[in-house]
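Please look at the sequence and the structure first.

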Amino acid sequence: MTSIHTTAAGDRIIEPMIALAGCSKLHRIVVAGAKGVELMLELQRRGYVRTAATANCGHPAGQYDVALVDWRRRTFKTLEVALDWLVDFLSPAGVLVVWVDPQKAASNEALRASLERRGFVIEAGTVHDCGCAVSARWRETAPLRKAA
């Protein structure tokens, strides 16, 4: 008889999110969303010990290398509010990965536009049966250095 392995709520999205973010076990990671604490614990179980959930991440000071946002079963409007707060936790070289429910193309474009308005450049995306995700980095402010 075969035993069925049950997975944690966010277990199916952890690997794709780590891949999109290019995480190493040395990165400081903040996790946001309804299942943030569960995702944090699963990441720590996998060896990502410098991981915190937004419930215990401290004050925003650009101290995290990666922000993983699980925004499934939540509205885009509340995501906008969360992003306004969350981006201050990311370092200048930080990467943001946002996972949402499967969406229509127009909703996906709204997510991308929202991130771009906040100063991010979309690097990659993925689509799975349990949702879709995009990764984004801060837009470089380096053109002035090139001119010198």
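## Strands β3 and β4

Strand β4 (residues 90-100) runs parallel to β3, and 6 bridges join the two. Strands here are DSSP runs of type E with at least two residues, helices are DSSP runs of H or I with at least four residues, and both are numbered from the N terminus. Two strands pair if DSSP finds at least two bridges between them. Leucine 68 stands opposite valine 97 in β4. The chain goes from β3 through helix α3 (residues 76-86) to β4, a β-α-β crossover that is right-handed. Right-handed means that, with the strands pointing away from the viewer, the path from the first strand over the helix to the second runs clockwise.

This is a predicted model, in which local features need pLDDT of at least 70 and side-chain atom pairs count only at pLDDT 80 or more, while totals for chains, interfaces and linings use all residues. Residues are numbered from 1 along each chain as its sequence is written, and side-chain values use heavy atoms, with hydrogens and water left out.

## Other pairings

Strand β1 (residues 29-33) pairs with β3 in the parallel sense over 5 bridges. Glycine 33 has aspartate 70 in β3 as its bridge partner.

β4 also pairs with strand β6 (residues 131-138), here in the antiparallel sense, over 6 bridges. The bridge partner of leucine 96 in β6 is alanine 136.

## Burial of the strands

Of the 7 residues of strand β3 (residues 64-70), 6 are buried, so β3 is largely enclosed by the rest of the structure. Buried means under 20% relative accessible area, exposed over 50%, and partly exposed in between (1.4 Å probe, protein chains only). In β4, 9 of the 11 residues are buried, so β4 is also largely enclosed by the rest of the structure.

Valine 66 lies in strand β3 and is buried, with a relative accessible area of 1%. Valine 66 and valine 95 are 29 residues apart in sequence, and their C-alpha atoms are 4.9 Å apart in space. Not counting residues up to four places away in sequence, valine 66 touches several residues, among them Ala21, Cys23, Ile29, Leu90 and Val95. Contact means heavy atoms within 4.5 Å.

Serine 91 belongs to strand β4 and is buried, with a relative accessible area of 12%. Leaving aside neighbours within four places in sequence, serine 91 is in contact with Gly62, Tyr64, Asp65 and Trp138.

## The cavity

How many cavities of 30 Å³ or more does a search of the whole structure find? The search finds 1. A cavity is a set of points on a 1 Å grid over the protein atoms alone where a 1.4 Å probe fits but cannot get out, and lining residues have an atom within 4 Å of a point. Grid points are joined across faces, edges and corners, and a volume is the space filled by probe spheres set on the points.

The largest cavity holds about 40 Å³ of space. Its lining consists of Ile14, Met17, Val31, Leu39, Leu43 and Leu68. Helices α1 (11-21) and α2 (36-45) are the elements that give two or more residues to this lining.

Key: 1 Å grid on protein atoms, 1.4 Å probe; cavity = no way out; pocket = protein on both sides within 12 Å on 5 of 7 lines; lining within 4 Å.
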